[in-house]
Amino acid sequence: MRTAQAWLDEYSESHRHVTNEALHWICVPAILVSVIGLLWSLPFPAAARELSPFLNWGGLFVLAAVIYYFLVSLPLAIGMLVVLLAMLGIVHWLAGFSTPLWLICVAIFVVAWIGQFIGHAVEGRRPSFFKDLQFLMIGPMWLLSHLYRRAGIPF
């Protein structure tokens, strides 16, 4: 398995333009929230939902994502756990709106992907996930790694 730094270095190759990077700071978290929300919206056994509103496909995705991040980097996984729990909280909040959660999340997803592709058009490079779908998981970690570097946190 590649190291976290190897993944981040390769991801960085197509994310050097300031506009593309700025759009990623907005769009990557939005896409992640929308995916969690779309999964949250899928039917799930009622008995599990009665135990906790977080027992659903969105919550299971977050659990799987955290396991993936722990395999890549323990320090970054801890940060991603915090980020993903916050995103679950956002989705829980969005679920309380009168507009169906899935509709809100589809709108966020579409707008955020348009932003991503605009950023890559400015960059002049294809999105990394065209090469390897795992880069869809690396994008959020790449943003977190910037915060870690600024805070002096090794990963």
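Q: How do the residues lining the largest pocket divide into nonpolar, polar and charged?
A: Sort them by residue type: Ala, Val, Leu, Ile, Met, Phe, Trp, Tyr, Cys and Pro count as nonpolar, Asp, Glu, Lys and Arg as charged, and the others, Gly among them, as polar. Here the lining has 14 nonpolar residues, six polar ones and no charged ones. Keep in mind that this is a predicted model, where local features need pLDDT of at least 70, side-chain atom pairs count only at pLDDT 80 or more, and totals for chains, interfaces and linings use all residues. Residues are numbered from 1 along each chain as its sequence is written, and side-chain values use heavy atoms, with hydrogens and water left out.

Q: How much space lies in the largest pocket?
A: Rolling a probe the size of a water molecule over the atoms shows where empty space is left. On a 1 Å grid over the protein atoms alone, a pocket is an open set of points where a 1.4 Å probe fits, with protein on both sides within 12 Å along at least five of seven lines, and lining residues have an atom within 4 Å of a point. Points are joined across faces, edges and corners, and the volume is the space filled by probe spheres set on them. For this pocket that comes to about 320 Å³.

Q: Which residues lie nearest the centre of the largest pocket?
A: Out of 20 lining residues, those are Ile 31, Trp 113, Phe 135, Leu 136 and Met 137. Helix 2 (18-41), helix 6 and helix 7 each put at least two residues into the lining. Helices here are DSSP runs (H or I, at least four residues), numbered from the N terminus.

Q: How many aromatic pairs does a search of the whole structure find?
A: Rings of Phe, Tyr and Trp (its six-membered ring) pair if their centres lie within 6.5 Å; planes under 30 degrees apart are stacked, over 60 edge-to-face, and the rest tilted. The search turns up 13 pairs. Among them is Tyr 68 with Tyr 69, edge-to-face at 5.7 Å centre to centre and 70° between the planes. Trp 113 and Phe 129 are edge-to-face too, because their ring centres are 5.3 Å apart and their planes sit at 75°.

Q: Is Trp 113 buried or exposed?
A: Relative accessible area decides (buried under 20%, exposed over 50%, partly exposed in between; 1.4 Å probe, protein chains only). Trp 113 is buried, and Phe 129 is as well. His 24 is buried at 1%; it lies in helix 2, with its C-alpha 8.9 Å from that of Ala 112, 88 residues away along the chain. Leu 103, in helix 6, counts as partly exposed at 39%.

Q: Where in the chain is confidence lowest, and where is it highest?
A: Check pLDDT, the predictor's confidence in each residue, from 0 to 100. Helix 3 (residues 46-51) has the lowest mean, 87, and helix 5 (residues 74-95) the highest, 98. The chain averages 95, with 100% of the residues scoring at least 70.
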